[in-house]
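Please look at the sequence and the 3D view before reading on.

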Amino acid sequence: MHQIIIALSLGAVFWSSAIAAQKCNVAMADWKPRETLQARLEEEGWTVHSIKPEDGCYDAYAINSQGKEVEAYFDPQTLQSVDIKVED
């Protein structure tokens, strides 16, 4: 019984990692330029430190309009926010 619980727990960890590993699924030909995302974020009051491709998304390190350090993922086709982490 103990082995079954361990196996199920490990399976859940690997499955959730696989799901989280690919946040966006957009063909590179459909990506908007990163400069377009940066301009939009700056218009919204963000200070952008960097934007790079990661997990199929744009990964932006910035200070948002509330003055908080964030790591934010954006769909490269729609430029909509997919995930955001506020840094402590």
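The sections below cover the model, its paired strands and its disulfide.

## The model

This is a predicted model, in which local features need pLDDT of at least 70 and side-chain atom pairs count only at pLDDT 80 or more, while totals for chains, interfaces and linings use all residues. Residues are numbered from 1 along each chain as its sequence is written, and side-chain values use heavy atoms, with hydrogens and water left out.

## Strands and hairpins

Helices (H or I, at least four residues) and strands (E, at least two) are DSSP runs, numbered from the N terminus. Two strands pair if DSSP finds at least two bridges between them.

Strand β1 (residues 47-54) runs antiparallel to β2, joined by seven bridges; I51 has A60 in β2 as its bridge partner. Two residues separate β1 and β2 in a hairpin, and D55 in the turn has a positive phi of about 55°.

Strand β3 (residues 69-74) also pairs with β2 in the antiparallel sense, over six bridges. Here Y61 stands opposite E71 in β3. The hairpin of β2 and β3 has five residues between the strands, and G67 in the turn has a positive phi of about 85°.

Five of the seven residues of β2 (residues 57-63) are buried (under 20% relative accessible area; exposed is over 50%, partly exposed in between; 1.4 Å probe, protein chains only).

## The disulfide

A search of the whole structure finds one disulfide (a pair of cysteine sulfur atoms within 2.5 Å). C24 is joined to C57, with an S to S distance of 1.9 Å. C24 lies in the loop between α1 (2-21) and α2 (34-43) and C57 in strand β2, 33 residues apart.

The link of C24 and C57 is right-handed, with 100° about the S-S bond. C24 counts as buried because its relative accessibility is 3%; C57 is buried at 0%.
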